[in-house]
Amino acid sequence: MDKATFLGNMDKYLEGTLSNSVKAQFENEINLNSELKKEFELHKQTKELIIKDGRRNFLSKLDHLKNEIDGNNTPKDSNKSNGQKKFLPWTIALASIVLISLLVFYYTNKDTPVVNNVPFAEFSKEVEFYPSKGMLGGTTKLIKNLAIYNSSESYYRYDSTFSIYLTAADLKILKASFKNKNFGAPIKEGIETIIFSDSEIIINDLIHLQELN
Amino acid sequence: MQDYKTYNDLEIIDGIKRNEDNAYKAIFYNRTNSIRKFILKNSGDEEDAKEIEQKTILILFEKIRDNNFELKQGVKLSTFLFSIAKNLWYKDLKKKNKSVSLDLNPDHMDIQLPELDITIRDEKEALLLNELESLSERCRTILHSRYFLKISYQRIATVLGDTTPDNARKNKAKCMKKLKEKMLQKINSYG
């Protein structure tokens with residue numbers, strides 16, 4: 001089997017669609033030719049990674065769709081007889097409060113953020129183990145540091161950010177990580193989004209750390 | 001477009017074949033309630049329920065994608081989903097060495113649970129996934145379409161505007177080659 005044929009057969013081998021005779025020939029090549037074996041191992045690993053990434057994206061999409069459903073199935077205002085969607089005053093008020101709180105915390109804490117009186121640098125070092133072991137949600141961006149917004153102990157870091165969706169599995173890992181480090185938990189119910197930049201991560205209004213003592 | 005709230009089981013299955021969002025919404029709308037209740041009743045919390053629901057739907061999707069799914073006559077989709085969920089939760093509890101009550105015994109419906117590898121194992125794998133993200137959006141779409149969604153080259157060509165299935169195949173090979181080079185570089189530098 002020449003190299004081009006071998007390379008062309010790698011996917012078919014992994015999918016189990018080669019005939020018995022070609023399959024035997026293929027396996028023979030792997031056993032005898034270390035270069036082709038390496039090529040095959042890399043192909044296999046790459047394919048598995050793509051599938052894993054696809055699955056994680058799929059789960060993130062489900063999370064997003066579930067949130068949409070939950071949003072759509074909340075009780076509607078009985079006065080809306082024409083079926084048009086309207087913003088309720090309380091949602092505008094809530095959004096305003098959240099936005100103002102974010103801005104206030106940003107401008108008051110951006111230079112010297114403190115976590116339960118632990119300097120940010122020290123805190124981020126403590127939790128670095130978690131992001132370095134994996135990534136969150138539908139992203140594949142490696143996260144270096146972690147900062148957490150806490151409504152009672154104001155601190156957080158803010159930069160140009162964007163949102164990603166967390167899968168339920170991510171939440172479990174995150175929660176477990178905090179438990180292991182005695183940083184408390186629980187993660188607030190309804191946790192949905194996480195906002196981060198390249199060097200920092202902000203879990204905004206999502207995690208309520210309990211006091212250590 | 002049809003309202004997801006009115007989907008029947010067959011419409012959901014057809015929708016999943018086309019990977020339509022509304023099919024998944026229909027499942028969440030009124031076919032996962034019993035799963036949530038079951039998990040909460042058997043040592044689980046809301047997060048566990050959410051995770052099991054999601055994994056259950058992923059398994060259904062992969063079974064339909066692989067033409068490995070048939071809803072037997074008289075069996076509701078919600079019953080099928082519940083059986084998968086129950087088996088998944090049973091496995092989870094066993095892994096955690098938690099005691100399993102009698103009513104948690106897995107169902108004996110003929111359902112084989114695949115290994116769902118979704119967790120990032122270590123930093124090295126995280127870095128490799130980073131390489132995947134660094135590909136162009138088009139390349140990622142082609143690779144996901146081919147290897148995860150298992151879409152034909154014919155359909156990929158239509159969706160991405162490639163002129164022919166053969167072109168789509170060549171583009172996939174180029175993207176795969178590029179990704180493998182990046183991965184190899186990272187693997188060698190990681191040691």
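**Exercises on a predicted two-chain model**

Chain B of this predicted model has an average pLDDT of 87, and 93% of its residues score at least 70.

**Exercise 1.** Find which elements of chain B have the lowest and the highest mean pLDDT.

*Solution.* For the model as a whole, the scores are ipTM 0.92 and pTM 0.66.

**Exercise 2.** Work out how helix H3 (residues 33-41) of chain B lies against helix H5 (residues 77-95) of chain B: roughly parallel or roughly antiparallel?

*Solution.* First, look at the axes, which come within 9 Å and cross at roughly 25°. Angles under 35 degrees count as roughly parallel, so H3(B) is roughly parallel to H5(B). Next, check the hand: this crossing of H3(B) and H5(B) is right-handed. Now pick out the residues in contact. H3(B) brings B:Ser34, B:Ile35, B:Phe38 and B:Ile39, while H5(B) brings B:Ser78, B:Leu81, B:Phe82, B:Ala85, B:Lys86 and B:Trp89. Finally, sort them by class: seven are nonpolar, two polar and one charged.

**Exercise 3.** Describe the side of chain A that touches chain B: how many residues does it take, and which helix gives the largest share?

*Solution.* Begin with the count: chain A puts in 33 residues and chain B 37. On the chain A side, helices H3 (34-72), H6 (129-133) and H7 (168-180) each supply at least two residues. H3(A) gives the largest share, with 20 residues. To finish, the classes on this side of chain A are 14 nonpolar, seven polar and twelve charged residues.

Notes. Residues are numbered from 1 along each chain as its sequence is written. Chains are lettered from A and ligands numbered from 1 in the order in which they are written. This is a predicted model: local features need pLDDT of at least 70, side-chain atom pairs count only at pLDDT 80 or more; totals for chains, interfaces and linings use all residues. Two residues are in contact if their C-beta atoms, placed from the backbone, lie within 7 Å. Helices (H or I, at least four residues) and strands (E, at least two) are DSSP runs, numbered from the N terminus. Ala, Val, Leu, Ile, Met, Phe, Trp, Tyr, Cys and Pro count as nonpolar, Asp, Glu, Lys and Arg as charged, and the others, Gly among them, as polar. pLDDT is the predictor's confidence in each residue, from 0 to 100. Axes are lines fitted to C-alpha atoms, for helices over the stretch in contact, and angles run from 0 to 180 degrees between N-to-C directions. Angles under 35 degrees count as roughly parallel, over 145 as roughly antiparallel, 65 to 115 as roughly perpendicular and the rest as oblique. A crossing is left-handed if the near helix is turned anticlockwise from the far one by less than a right angle, and right-handed if clockwise.
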